[in-house]
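Subject: Structure handover

Hello,

Here is the structure for you to open. My notes on what turned up follow below it.

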Amino acid sequence: KAPLLAPKMSLNTPIQGNFIGEVGGQYKFNLGSQSITISCPETKFYHPVLQGENTVIASCGPAQYDFTVTTEDGITLGTDIENDFFGCDPCPASYSYLPGYLTSTDFTSSGDFYNVASAKDCKAICEDSCACQTFEFNRQHSSCRLI
């Protein structure tokens, strides 16, 4: 299972009566028409139901604990989307997460880079290198290893 990234959320206006509030970093809703924009600015949603979108609009309902989700263009992706479908893929577009660790005997490094802000930036470094076939990004250490 991929280590999903938290999405960015912004409450759409006007604020409706079914918005309860933000509690512990989570938005709480009762059934109703309040919508929220949820996005993965650097990647895309991981869950296949969200079809690789990087921004969606969600509203609570039609049933309790389900969301109706549309694209920014108004195309409905589903009416029974659960709240745990909104995790962001840890990898940029055209790359896939592979679980596990590589050891130095598994590959030849094409270079290590430090102070790299995001997986998207690491991807750009890799794509600028003729020798790079893939990369490993470490968010905690802001490091990028080309493979």
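Start at Pro62, which sits in the loop between β5 and β6. Please keep in mind that this is a predicted model. The peptide bond from Gly61 to Pro62 is cis, with omega near 15°. Tyr65 is found in the loop between β5 and β6 as well. Its phi is positive, about 70°, although Tyr65 is not a glycine. Tyr65 is exposed, at a relative accessible area of 65%.

Most residues other than glycine have a negative phi, and most peptide bonds are trans.

- Thr13 and Pro14 are joined by a cis peptide bond, with omega about 0°. Pro14 belongs to the loop between β1 (8-11) and β2 (19-23).
- Asn115 has a positive phi of about 60°, and Asn115 is not a glycine. Look for Asn115 in the loop between β8 and α1. Asn115 is exposed, with a relative accessible area of 75%.

**Cores**

Which residues touch the most other members of the largest nonpolar core? They are Phe67, Val69 and Phe86, out of 17 residues in that core. Four strands each supply at least two residues to this core: β4 (35-39), β5 (55-60), β6 (66-71) and β7 (76-82). The largest share, 3 residues, comes from β5.

Leaving out residues up to four places away in sequence, Phe86 touches Pro7, Ile38, Phe45, Leu50, Val56, Ala58, Phe67, Val69 and Ile81. Another core lies apart from the largest one. This other core has 11 residues, among them Val116, Phe135, Cys144 and Leu146.

**Helix α1**

Helix α1 covers residues 119-127. Which of its residues are buried? They are Ala119, Cys122, Lys123 and Cys126. Seen down the axis of α1, these buried residues fall within an arc of 105°, so they line one face of the helix. An α-helix has 3.6 residues a turn, so residues three or four places apart point the same way. The cover over the buried residues of α1 includes β9 (135-138) and β10 (143-146).

Ala124 is also in helix α1. Is Ala124 buried, partly exposed or exposed? Ala124 is partly exposed, with a relative accessible area of 36%. In sequence, Ala124 and Pro92 are 32 residues apart. In space, their C-alpha atoms are 9.9 Å apart.

**Pockets**

The largest pocket has a volume of about 870 Å³. Its lining has 27 residues. Nearest its centre lie Tyr97, Leu98, Phe135, Glu136 and Phe137. β8 (111-114), β9 and β10 each supply at least two lining residues. β9 provides the largest share, with 4 residues. By class, the lining of the largest pocket divides into 18 nonpolar, 5 polar and 4 charged residues.

The second largest pocket has a volume of about 600 Å³. It is lined by 21 residues, and those nearest its centre are Gln26, Tyr27, Phe29, Phe67 and Asn83. Two or more lining residues come from each of β3 (26-29), β4 and β6. β3 gives the most, with 4 residues. The lining of the second largest pocket has 13 nonpolar, 6 polar and 2 charged residues.

Phe67 lies near the centre of the second largest pocket and belongs to the largest nonpolar core.

**Cavity**

Rolling a probe the size of a water molecule over the atoms shows where empty space is left. How many cavities of 30 Å³ or more does the structure hold? It holds 1. About 40 Å³ of space lies in the largest cavity. Its lining is made up of Leu5, Glu42, Thr43, Pro90, Pro92, Ala119, Lys120 and Arg139. These divide into 4 nonpolar, 1 polar and 3 charged residues.

Best wishes

Technical notes: Residues are numbered from 1 along each chain as its sequence is written. This is a predicted model: local features need pLDDT of at least 70, side-chain atom pairs count only at pLDDT 80 or more; totals for chains, interfaces and linings use all residues. Side-chain values use heavy atoms; hydrogens and water are left out. On a 1 Å grid over the protein atoms alone, a cavity is a set of points where a 1.4 Å probe fits but cannot get out, and a pocket is an open set with protein on both sides within 12 Å along at least five of seven lines; lining residues have an atom within 4 Å of a point. Grid points are joined across faces, edges and corners, and a volume is the space filled by probe spheres set on the points. Ala, Val, Leu, Ile, Met, Phe, Trp, Tyr, Cys and Pro count as nonpolar, Asp, Glu, Lys and Arg as charged, and the others, Gly among them, as polar. A nonpolar core is a set of buried Ala, Val, Leu, Ile, Met, Phe, Trp, Tyr and Cys residues joined through side-chain atoms within 4.5 Å. Buried means under 20% relative accessible area, exposed over 50%, partly exposed in between (1.4 Å probe, protein chains only). Contact means heavy atoms within 4.5 Å. The arc is that of the directions from the helix axis to the C-beta atoms.
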